[in-house]
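Let's walk through this model together, going from the overall layout down to single residues. Keep the structure open beside the text as you read.

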Amino acid sequence: MVSTLERDVREKFRRSGYTLTSQRRAVLEALKDYKGHPSTEEVYLLVKKRNPKVALGTVYQALSVLEEIGLIEAKRWSESPVRYDLNTEPHYDIRCTKCGEIAEISNMKVGDFVTRIQENTPYEVTNAALVIEGICPLCQAQG
Ligand SMILES: [Zn+2]
């Protein structure tokens with residue numbers, strides 16, 4: 001059976017003109033298995049476990065293609081390498097500045113934020129990224 005994501009993957013590759021190579025597929029599979037917000041290095045290590053010959057540059061390149069065609073999202077926090085997210089639905093993530101733990105913030109509509117910005121600028125808003133950082137409950141408990 002073809003899953004929804006699988007159909008989405010094929011469709012986005014078809015429309016982009018990029019080829020769904022085995023390396024790009026392997027990188028996508030690694031992201032699916034990781035279930036979090038891995039950095040390039042972390043994705044690389046996971047892909048390498050299954051395919052020891054893979055090069056870091058190949059993983060970099062595959063991630064950038066996947067981001068470009070909208071299958072994954074890149075998150076850029078301060079003091080952290082770029083992290084990748086398979087969830088491309090508009091949502092906010094918060095990162096703990098002490099331990100690096102990342103969590104999704106629920107019940108916050110991203111559209112409201114963009115609408116508010118658009119109401120306050122004569123520019124046409126084409127992209128709005130928000131970096132949210134804090135201290136997670138575990139780190140708070142440790143004082
Ligand atoms: Zn923490």
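The paragraphs below take the domains, then a pair of helices, then a sheet.

Before anything else, please keep in mind that this is a predicted model. The domain assignment of the protein chain gives two parts: domain 1 covers residues 4-85 and domain 2 covers residues 92-141. If you take the centres over C-alpha atoms, domain 1 and domain 2 lie 23 Å apart. Where they touch, domain 1 contributes eight residues and domain 2 contributes six. What kinds of residues does domain 1 bring to the side that touches domain 2? By class, there are four polar residues, three charged ones and one nonpolar one.

Now turn to a pair of helices. Two packed helices are described by the angle between their axes and the distance between the axes. Helix α3 spans residues 40-50 and helix α4 spans residues 56-68; their axes are 10 Å apart and meet at an angle of about 115 degrees. The crossing of α3 past α4 is right-handed. To find the contact on your screen, pick out Thr40, Val43, Tyr44 and Val47 on α3, and then Leu56, Val59, Tyr60 and Leu63 on α4. Sorted by class, the residues of this contact are seven nonpolar and one polar, with no charged residue.

Next comes the sheet. Three strands build an open sheet, in the order β4-β3-β5, and their pairing is mixed. Why do β4 (102-105) and β5 (132-134) each have a side without a neighbour in the sheet? Both stand at the edges with a single partner strand, so one side of each is left open in this way. From one strand to the next, the twist averages 35 degrees.

Finally, follow the chain through the hairpin of β3 and β4. Five residues lie between the strands here, and glycine 100 takes a positive phi near 85 degrees.

How values were computed
Residues are numbered from 1 along each chain as its sequence is written. This is a predicted model: local features need pLDDT of at least 70, side-chain atom pairs count only at pLDDT 80 or more; totals for chains, interfaces and linings use all residues. Two strands pair if DSSP finds at least two bridges between them. Helices (H or I, at least four residues) and strands (E, at least two) are DSSP runs, numbered from the N terminus. Axes are lines fitted to C-alpha atoms, for helices over the stretch in contact, and angles run from 0 to 180 degrees between N-to-C directions. A crossing is left-handed if the near helix is turned anticlockwise from the far one by less than a right angle, and right-handed if clockwise. Two residues are in contact if their C-beta atoms, placed from the backbone, lie within 7 Å. Ala, Val, Leu, Ile, Met, Phe, Trp, Tyr, Cys and Pro count as nonpolar, Asp, Glu, Lys and Arg as charged, and the others, Gly among them, as polar. Domain bounds come from an automatic or database domain assignment.
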